[in-house]
Amino acid sequence: MPKRTPSNYIIFPLDVPSVKEAGKYIDLLAGRVGMFKVGLELFIEAGPSVVRRIVAAGGQVFLDLKLHDIPATVGRAMARAADLGVSLATVHCGESLRMLEAAVAGADGKVAVLGVTVLTSVTTEDLRSAGFRSELSLDMEALVLHRANLARQAGCAGVVCSPLEVEGIKKKLGRGFLAVTPGVRPSWEAVAGDDQQRVATPASAVAAGADYLVIGRPIRDADDPAAAAAKIADEIAGAIP
Ligand code: C5P
């Protein structure tokens, strides 16, 4: 992990549909956030070139493609992510320990692999209809912890989780197991029509032990995104343990 500074806790998601838009934020925020997250939308549009562009600008990349396939394919895909120079990459935890182990083997110590435990869009009814027994479908927290444990067993570096889950995960799996949290909203910034339900402020997420905060709209929609990132970093500075 790089030496911690307040701004390198921030991961800015490039949730934009074009390379041109992405470039605007890369130029504005390079050096002001710790990492850029490239997800499915931008990766399908722009491919590896956008990752190379960020790396060339001295930035770090969180490649959030949530891999889920047979172990051999996941391992080979992760090896290509490692060649690209990404720092963090995601894989789904829901299938098998072997798939997670293959991801870690493919990453070859060059990429920190993060497990995605249960998507926040999933409801207990979704789990029930997917065939989960009631002890797991009705207890989402137990399922999250069970899958986080599987990820750690496989050698993953950590998980993506809600800020409200960080304490439980760190307690059960150790402080060194990374917790990367979306759902972060600075107290001074309300996002119009916000769809994030289980939110925390940057300071409280960091105080709870979060290692990285994925913060999108409060920065992207600000009049001055660079100033918004700096203000969030100030808030984080007061909370670093
Ligand atoms: O704009 P906002 O700060 O809500 O962006 C959060 C980012 O984190 C988005 O890229 C979103 O897809 C991602 N994310 C999330 N909730 C999860 C997993 C990922 O909001 N459970």
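**Cores and pockets in a predicted model**

Trainee: Which residues touch the most other members of the largest nonpolar core?

Mentor: This is a predicted model, where local features need pLDDT of at least 70, side-chain atom pairs count only at pLDDT 80 or more, and totals for chains, interfaces and linings use all residues. Residues are numbered from 1 along each chain as its sequence is written, and side-chain values use heavy atoms, with hydrogens and water left out. A nonpolar core is a set of buried (under 20% relative accessible area, 1.4 Å probe, protein chains only) Ala, Val, Leu, Ile, Met, Phe, Trp, Tyr and Cys residues joined through side-chain atoms within 4.5 Å. Of the 66 residues in the largest one, those touching the most other members are Leu14 and Val86.

Trainee: And which helix gives the most to this core?

Mentor: Helices here are DSSP runs (H or I, at least four residues), numbered from the N terminus. With 7 residues, the top contributor is H8, residues 140–154.

Trainee: Which element gives the largest share of the lining of the largest pocket?

Mentor: A pocket is an open set of points on a 1 Å grid over the protein atoms alone, where a 1.4 Å probe fits, with protein on both sides within 12 Å along at least five of seven lines; lining residues have an atom within 4 Å of a point. The largest pocket is lined by 39 residues, and Thr120, Val160, Pro182, Gly183 and Gln196 lie nearest its centre. Its largest share, 4 residues, comes from H8.

Definitions and conventions. Buried means under 20% relative accessible area, exposed over 50%, partly exposed in between (1.4 Å probe, protein chains only). Helices (H or I, at least four residues) and strands (E, at least two) are DSSP runs, numbered from the N terminus.
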